[in-house]
Amino acid sequence: MKNSTKLFGTRTKKEWVTIRKKIIRNPSEKLHWEIAADLLNERLETRYFRPIERILEVPINEEESSVKALSGEGFAAMTLICSLIEFLQSCYEGKGY
């Protein structure tokens, strides 16, 4: 994977590698952890939360409720949620793919 690959919204693999090295060298530096947390938050927002919200945005009119208007969107959102769970578990286990 190239260093220019976007992993966190507009932020790149290179940014992650740089902050990871800084954390390994000095794990007690709070600022490095804050930057890493910001990167993780941006990844969660751009890859999971915003897409789920967009999928479930269903126009509601007076004739039908939002639940009746869904046709497969719930399945697509649930697939992203399952992917999110797998991502978080791999982070917890320290695995990288």
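Colleague: Let's begin with the layout. How many helices and strands does the chain have, and in what order do the elements run?

Modeller: There are four helices and two strands. Starting at the N terminus, the order is β-β-α-α-α-α. Keep in mind that the model is predicted.

Colleague: What share of the residues is buried?

Modeller: Of the 97 residues in the chain, 19% are buried. As for contacts, take those between residues at least 6 apart in sequence: 46% of them join residues at least 24 apart.

Colleague: Now the aromatic rings. How is a pair of rings described?

Modeller: Two quantities describe a pair of aromatic rings: the distance of the centres and the angle of the planes. In this model, a search of the whole structure turns up two aromatic pairs. One of them joins Phe8 and Trp16, with ring centres 6.2 Å apart and planes at 45 degrees, so this pair is tilted.

Colleague: Why does that angle make the pair tilted?

Modeller: Planes under 30 degrees apart would be stacked and planes over 60 would be edge-to-face, so the rest, in between, are tilted. The 45 degrees of Phe8 and Trp16 therefore make a tilted pair.

Colleague: Are these two residues buried or partly exposed?

Modeller: Phe8 has a relative accessibility of 7%, so Phe8 counts as buried. Trp16, with a relative accessible area of 30%, is partly exposed. The cut-off for buried is under 20%, which is why the two residues get separate labels.

Colleague: Which charged end sits over the ring of Phe8?

Modeller: That is Arg43, whose charged end lies 5.9 Å from the centre of the ring of Phe8.

Colleague: On to pockets. How does one find empty space in a structure?

Modeller: The idea is to roll a probe the size of a water molecule over the atoms, which shows where empty space is left. Here, the largest pocket holds about 920 Å³ of space. It is lined by 23 residues, and those closest to its centre are Trp16, Phe87, Cys91, Lys95 and Gly96.

Colleague: Which elements give two or more residues to that lining?

Modeller: They are β1 (6-8), α1 (13-25), α2 (30-56) and α4 (73-93). Helix α2 gives the most, with six residues. Sorted by class, the lining has 14 nonpolar, four polar and five charged residues.

Colleague: Is Glu45 buried or partly exposed?

Modeller: Glu45, found in helix α2, is partly exposed at 27% relative accessibility. Beyond neighbours within four places in sequence, Glu45 is in contact with Arg50 and Pro51. The C-alpha atoms of Glu45 and Phe8 are separated by 8.8 Å, with the two residues 37 residues apart along the chain.

Colleague: Let's finish with a loop residue. Is Thr10 buried or exposed?

Modeller: Thr10 lies in the loop between β1 and β2 (11-12), and at 60% relative accessibility Thr10 counts as exposed. Leaving aside neighbours within four places in sequence, Thr10 is in contact with Glu15 and Glu42. The C-alpha atoms of Thr10 and Thr46, 36 residues apart along the chain, are 9.2 Å from each other.

Notes: Residues are numbered from 1 along each chain as its sequence is written. This is a predicted model: local features need pLDDT of at least 70, side-chain atom pairs count only at pLDDT 80 or more; totals for chains, interfaces and linings use all residues. Side-chain values use heavy atoms; hydrogens and water are left out. Rings of Phe, Tyr and Trp (its six-membered ring) pair if their centres lie within 6.5 Å; planes under 30 degrees apart count as stacked, over 60 as edge-to-face and the rest as tilted. Buried means under 20% relative accessible area, exposed over 50%, partly exposed in between (1.4 Å probe, protein chains only). A charge sits over a ring if NZ of Lys or CZ of Arg is within 6 Å of the ring centre and within 35 degrees of the ring normal. On a 1 Å grid over the protein atoms alone, a cavity is a set of points where a 1.4 Å probe fits but cannot get out, and a pocket is an open set with protein on both sides within 12 Å along at least five of seven lines; lining residues have an atom within 4 Å of a point. Grid points are joined across faces, edges and corners, and a volume is the space filled by probe spheres set on the points. Ala, Val, Leu, Ile, Met, Phe, Trp, Tyr, Cys and Pro count as nonpolar, Asp, Glu, Lys and Arg as charged, and the others, Gly among them, as polar. Contact means heavy atoms within 4.5 Å.
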